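Please keep the sequence and the 3D view at hand while you read.

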Amino acid sequence: MTEQAAASPGPVTADTAEPLLRTDALSKHFKIGNTLSRRTLHAVDDVSLTIGERQIVALAGESGSGKSTIARLLARIYKPTSGEIYFLGKPLSRMHSRPDRLKYASEAPMVFQDPFASINPVFRISHGVLRALKLHRPELSEQERYAEARRVFEVVGLVPADQALQRYPHELSGGQRQRVGFAQALAMRPRLIIADEPVSMLDVSIRIGLLNLMAQLRDEQGVSILYITHDIASARYVADRLIVMYAGQIAEAGPVEEVLANPRHPYTQLLVSAVPDPRAQPHVGAETDRGEPPKVIDPTPGCRFRWRCPLAIDICQTVTPELTQLAPDHDAACHVAQSGAEVRAFS
Amino acid sequence: MSSVPADFPGSTAFPGSTAFPGSTVASRAADLAATDSAVMLEVRDLTVTYAMEHGTVTAVDQVSLDVDSGEFVGIVGESGCGKSTLLFAIAQLLGGPAAITGGSVRFKGRSLVGLTDKQLAAVRWKDLSVVMQSAMNALNPVKSIGSQFKDAMRAHGVRSPQEIAERSAEVLKMVGIDPTHLNSYPHQLSGGMRQRSMIAMAMLFTPDLIIMDEPTSALDVVAQRSLMVQIKELQQQLGFAVIFVTHDMSLVSHFSDRLMVMYAGQVAELGRTRDVFDDPLHPYSRGLLEAFPSIRGPKIRLTGIPGSPPDLSLEYHGCRFAPRCPRVMERCQTTPPELYRVDGRLVRCLLHEHGRDSAGIDSAGIDSAANDTAESETKAETDQDVRSEP
């Protein structure tokens, strides 16, 4: 039966109108300061996004943009301040029973950033995978669990799987450990893997291998992946859709090629212009921007990018721009772009 | 050599830099690097060894590098390739189990290896400063930026409060930070501003050389690019030399004059940055370059470099990159390559043993190849001797 599990990545839901995962005006605020100076940090504000079946969605943005908070909200590590997450049409806030929660945890597992901290160093590699299988797929016998662990290790390229399972974490390189992370997630037969900066701690020479693995999991196992990254070039390499976040809000979203070829939000343009590209000729641009992080503590209405935006107009100071469709399937939250004017802030 | 403890295992194998096998390679490196007499930093056959529980690990293996005044040299490589150790060895910051076991570091004609702490203190900040990877850890969290600047200046004999205040404000302005932040504490600044203030501090005395260890790795792309542009501008304006260590090859592509690619503690390739990028000779350089997805142009499937970064505690009989090399030959398993000089570049790959990719063999090439084989045999023996000691 394990072989079948490998071949069929789960049936497409009958209700095709409902995406795999959808968030509706999701917000997460943190209270900071003491009783005398109570302030609120708006880590995620009013984020509505969807992730479809067999899709890699890249969530890109600078540090502090709220992308990791979204991962934690989706993994139910944090509870949203307001808004709702729907998984296959079911709201997460109404999943209370232990079986329901376990089922969601197995269908949307998380892969963490640091492969050195996320695996228990005192156990063999097999420990984590087998434990997860015991918890999430109790119907399997001990032999079946081991066979399943072997299968997922082969899928992620840790071969020979029998030997790899017997290793200790310190015997593996960073890239191999991160593959263990994906294998553990895969063992639970997930629909969606939440990957928070899965390659940023790895050496450049092995990053590509992991990105190729993510594409392979999508194409062969039918898993969707939320790929959280600050590296927009790797997002282009692997993702189908790109969501650019700024200061806890979505700045721009759409198919990755379309967004990068024709960025409508000034922040996306800034991000694209700042990517070092050895193949391109040196060019001048983005020098005026210092990359200072946005203010998200008790923000006032208005565009949060306005202090850094060379195109800011009066309305940007007072009205928060809404995410609006500007081209088919391509949304941006920018007053200037929405007014129909051409946006060329950074190039 | 005085920094080597007497009982350091393997130290007897390196009695001095003159006795080094392969020193002719180094002198060729010198030919290449010392194109004019402006050499400020001269690193020769520098070898750094870590004393481990199970023997020794040579993290930096006979690295030679010259830096001219006003030059921007990039050093790239994966984690564990020895790039940070090299940099620490140059700045005489090694401690604990690591020690320089061979070679020399000459800065402005004076050997830095073996200087006392007091002698080094006079050089540090004034002639040579180091910007560390994590400014969060490098800055004192309980002192304001200004008082940390003051410490460095007072250590070098600047006493006048007015002079200190003026210079501190000046360098902070240079890196684009408002001088009011002299009163700020590190936690009140963003990551980018902290790195900038570290660089400002490094410029207090306008040193001749600033060594930077991945100063931008904690920053995101926008801040990273802005900082790189600023470093380059200041460097051109003030004329100091920079050694910039990074794992991100694309970062230095537009900024450094020369590029050194390190692999497993050795120089894999050294040449002008543009040459290395346009036409990487070493398969590892090529692999590193092709490991980056591009933001523009057609989408190509990339493969990266197979395998894992090298384990320096293992013994290598041939080329250290052979297990991961797409162009590996039979000889690579047994013959450790030397640094060959190809088109004004140095490359450690048997493909280029007789000049570029085995093509165009001239008599000089054959001569040096013969020498190299002899040298590499002695070297292999020495390596084994060193590693077989407990």
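How many residues does helix H8 of chain A have, and what distance does it reach from its first C-alpha to its last? Helix H8(A), residues 204–221, has 18 residues and reaches 26 Å between those two atoms, close to the 26 Å expected at 1.5 Å a residue; the expected span is 1.5 Å times one less than the number of residues. The model is a predicted one, in which local features need pLDDT of at least 70 and side-chain atom pairs count only at pLDDT 80 or more, while totals for chains, interfaces and linings use all residues. Residues are numbered from 1 along each chain as its sequence is written, and chains are lettered from A and ligands numbered from 1 in the order in which they are written. Helices (H or I, at least four residues) and strands (E, at least two) are DSSP runs numbered from the N terminus.

H8(A) is mostly covered, since 13 of its 18 residues are buried; a residue is buried if 20 or more other C-beta atoms, placed from the backbone, lie within 10 Å of its own, exposed if 12 or fewer, and partly exposed in between. Just after this helix, A:Gly222 takes a positive phi of about 70°.

A nonpolar core is a set of buried Ala, Val, Leu, Ile, Met, Phe, Trp, Tyr and Cys residues joined through C-beta atoms within 7 Å. The largest one has 206 residues, of which A:Ala58, A:Leu226, A:Tyr227 and A:Leu242 touch the most other members. H8(A) gives the most to this core, with 8 residues. Domain 1 (2–10 + 19–239) and domain 2 (266–347) of chain A both give residues to the core, so it lies between them; the domain bounds come from an automatic or database domain assignment.

Chain A also meets chain B: 37 residues of chain A are in contact with 37 residues of chain B, where contact means C-beta atoms, placed from the backbone, within 7 Å. The largest share of the side of chain A that touches chain B, 6 residues, comes from H8(A).

**Strands of chain B**

Chain B holds 12 helices and 12 strands, and 49% of its 390 residues count as buried. Strand S8(B), residues 241–246, has 6 of its 6 residues buried, so it is largely enclosed by the rest of the structure. Both of its faces are covered, with B:Ala241, B:Ile243 and B:Val245 on one side and B:Val242, B:Phe244 and B:Thr246 on the other.

Two strands pair if DSSP finds at least two bridges between them.

| Strands | Sense | Bridges |
|---|---|---|
| S3(B) and S8(B) | parallel | 5 bridges |
| S7(B) and S8(B) | parallel | 5 bridges |
| S1(B) and S4(B) | antiparallel | 8 bridges |

B:Ile243 in S8(B) is the bridge partner of B:Val73, and B:Ile211 stands opposite B:Ile243 as well. In S4(B), B:Arg106 is the bridge partner of B:Glu42. An open sheet of 4 strands in chain B has the order S2-S1-S4-S5, with antiparallel pairing. S2 and S5 of chain B stand at its edges with a single partner strand each, so one side of each is left without a neighbour in the sheet.

**An exposed glycine**

Is A:Gly340 buried or exposed? A:Gly340, in the segment after helix H13 of chain A, is exposed, with 7 other C-beta atoms within 10 Å.

Terms used
Contact = placed C-beta atoms within 7 Å.
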